[in-house]
Amino acid sequence: MAKLIRSARIPGAPPVAPAARIVAAGIGAVAVAALFWSPSPAPVPYVAAEAFPVAIAEGTPLVIDLVDGATPEQVATVSAALGAPLMLAGPETADAGLYVAELPAGETDAEAISVLQSIGGGLVEAAEPEQSYAATEVPAGPTAWLGFPDDPGLSAQWNLAAIGASTGWRAGGGRGVVVAVIDTGVTPSAELKNVLPGATFVPGGTSSADDNGHGTHVAGTIAQATDNGIGVAGVAPNATILPLKVLSASGSGQTAWIAAAIDYAVDHGAQVINMSLGGGHSDVLVNAVERARGRGVIVVAAAGNSGGEGIGSPADAEHALAVSAFGPTGALAPYSSWGKGVEIAGPGGDKTVTGGGITQAVVTDGKVNLTEFQGTSMASPHVAGAAAVLLGMGATPTEAECLLLDHAAPGPGAADDAVKFGAGKLDVSAAVRTLLFARQGLLFAVGSAIAFAVSLLAGLRGWARLGTVLSAGVAAGGLFVLPLLPLPPTMLGDLVQRPFQEWPTASFFGVAVAGFPLWQSAIVPALAVIFVSPSRYLGPLAVGLALGVGTYLLYGAATSDIPLWLPMIWGRTWLTVNGTVALVAALAGSGMLRLRQPGAAS
Amino acid sequence: MTVRGRLEKNRLEGGTWVLTAGKERFVLVGVVPGDLDGREVIVDGEREEGFGIFMQGPQLRVTAVRPA
């Protein structure tokens, strides 16, 4: 499947495959546009009808591609030779020289094409029978619930619906996570607000502003301002972008600039790096990627746009998440590179389908414009944004990678799915749901169970028992089901869906602060028990808080899931001691509660 | 270097020009006349082995493009 064999499959989470339906549609402008813009090799002039995969009936109109800017006299020449008037194929096709001709009765397409071939001077560049194209219906964007999100362009973002982005929005949306975008730079705007100053590595450059548009588009896919009443949405709207400019206005750059930017990103707090760029194999880049991953940074890179097998650097680094691209039908995009190194596929767009590109905001001449791009460059930031969402929820880098890969939606089911889609198609919703249940749901259940056992042991009854059990479950695992409900995300919701120990870190100061040892300690619950447990109504909650925190800290000691600013052995010791202290405090508090219960003293 | 091939406008990554010369494909960097789309052309330029957003092949920094 992939360069890495990642373990730790977490059960659950049925994948959500994007709807992919084919409907019949007319020809006209769609056919002309498809001919004109086809990304496949250039059309061969005078293609015979039988060369087409679709049977063409005799007597169908001919579409004729004259030399660009053909004069009326030249059009008349062709018309006379053909014995039929030439009509513009569309309202704006005169400059492109695209015409349609209805053949006289009895004349076959083959005969007409033969006539056109005889016209010299390069006047007729191509001619072929009109044919119907099966137009693809682009799936709709995500559904807005209770007015969230209110971005007017949301309905065009089939890509966000395809990956189940809305679950990620309600699960924090990558709050507190820094994503480095190593690209052509990023220009902040009303549609892209969470942007750090960044740096430029292009010689002569003075800022990380984008002079191409590519980097801003990529950054928008990750962290486009969402629910702001304008434009479109992003995968992880609360993530923070660290723009690192390594590509010039032409979209090209050098190995050393990119390698330096990778190291810079790691040194400046990036937890995810997105590189929507590529080239030939480079040991220097591969080493830089491995250094970054070795320091706990998830590296995501575009697989490439060759349309064939083989991926270049930096995507070919062993620990980079190489991303291929699929279009709105769910099929591999025709331009996408593929091969054994592909780890996962993301929506990259397919502009041969109307509306099939990836729409994000780009700043041009100081104005924000919504622009459709396509490429594996567009697929990669979907994965980077998804990684940010998971990290923001408290997943470790390895855990986040495993969740993304293990819960990717299956490809079309072809024999070569593994080399074209890697683990499958990105499914943010499945990964988020799995993390919620496997981590927070587990903590909620264990915290509640411990609280119930302690309550029984202490002889607590009524509100004392109920309040303690509820408080312990919420403190340990948070209201973990909240992101699964179709509610607009709020700061309060973001708080209470998390374990108590993650409140100030992920929501206000960023996940990097989560490892502050004094916060990952028994101090707060112990103080709560000391000062609040005498209260008949608040006491059970304080005891439950201590039980929940104790559960959380001991879980962290057992799994190393809690990042801590201490070496591994000291960190585990710290969590074990503090978790135990919190439980002891809870036992003491529950004893005090028992003493206050009616009849306890008798 | 001078390369002869078919010039094609490509809509990947915001749009670029691609020159297909036999089995080799170049991404053109620089100014390319729009009216040569789909034509056989001769391109003078300098091959660059760097990295970029187009990821379709080596880049050719264009100094001149003319019809073949």
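In chain A, strand β13 (residues 320-326) and β14(A) run parallel to each other, paired over 4 bridges. Here a strand is a DSSP run of E with at least two residues, a helix is a run of H or I with at least four, and both are numbered from the N terminus; two strands pair if DSSP finds at least two bridges between them. Within this pair, A:Val323 sits opposite A:Ile344 in β14(A). The model is a predicted one, in which local features need pLDDT of at least 70 and side-chain atom pairs count only at pLDDT 80 or more, while totals for chains, interfaces and linings use all residues. Residues are numbered from 1 along each chain as its sequence is written, with chains lettered from A and ligands numbered from 1 in the order in which they are written.

Both strands belong to an open sheet of 7 strands in chain A, ordered β8-β9-β7-β11-β12-β13-β14 and parallel in its pairing. The edges are taken by β8 (199-200) and β14 (344-347) of chain A; each has a single partner strand, so one side of each has no neighbour in the sheet. Helix α10 (residues 397-406) of chain A packs on this sheet and touches β12 (298-302), β13 and β14 of chain A, its direction making about 40° with that of β12(A). Such angles run from 0 to 180 degrees between N-to-C directions, with axes being lines fitted to C-alpha atoms, for helices over the stretch in contact.

Stepping back, chain A has 18 helices and 16 strands. Two residues count as in contact if their C-beta atoms, placed from the backbone, lie within 7 Å. Among the contacts in chain A between residues at least 6 apart in sequence, 73% join residues at least 24 apart.

The chain splits into domain 1 (27-133), domain 2 (154-426) and domain 3 (436-596), with bounds from an automatic or database domain assignment. The C-alpha centres of domains 2 and 3 of chain A are 36 Å apart. Where these two domains of chain A meet, 14 residues of domain 2 are in contact with 12 residues of domain 3. On the domain 2 side, α5 (165-170) and α9 of chain A are the elements that give two or more residues, and α5(A) supplies the largest share, 3 residues.

What holds the middle of the chain is a matter of nonpolar cores, each a set of buried Ala, Val, Leu, Ile, Met, Phe, Trp, Tyr and Cys residues joined through C-beta atoms within 7 Å. The largest has 169 residues, and those with the most contacts inside it are A:Val179, A:Val272, A:Ile273, A:Ala387 and A:Ala546. Helix α12 (residues 428-458) of chain A gives the largest share, 14 residues. Domain 2 (154-426) and domain 3 (436-596) of chain A both contribute to this core, so it lies between them. A second, separate core of 18 residues includes A:Leu62, A:Val78, A:Tyr99 and A:Ala127.

A:Leu62 leads on to strand β2 (residues 62-66) of chain A, where 5 of 5 residues are buried. A:Leu62, A:Ile64 and A:Leu66 point one way from β2(A), with A:Val63 and A:Asp65 pointing the other way. In general, side chains of a regular strand alternate between the two faces of the sheet. Strand β2(A) is antiparallel to strand β4 (residues 98-101) of chain A over 4 bridges, and A:Leu62 has A:Ala101 in β4(A) as its bridge partner. Strand β5 (residues 124-129) of chain A also pairs with β2(A) in the antiparallel sense, over 5 bridges, with A:Ile64 opposite A:Ala127.

Chain B has a closed barrel of 5 strands, β1-β2-β3-β6-β4, with mixed pairing and a twist that averages 55° from one strand to the next. In chain B, strand β4 (residues 40-48) and strand β6 (residues 59-67) are antiparallel and joined by 8 bridges; B:Val43 stands opposite B:Val65.

Between the chains, 33 residues of chain A are in contact with 22 residues of chain B. On the chain A side, β10 (252-253), α7 (255-267) and α9 (376-392) are the elements that give two or more residues. Strand β10(A) is also joined by 2 bridges to strand β5 (residues 51-52) of chain B, running antiparallel, with B:Phe51 as the bridge partner of A:Gly253.

Conventions: Buried ≥ 20, exposed ≤ 12 C-beta atoms within 10 Å, placed from the backbone.
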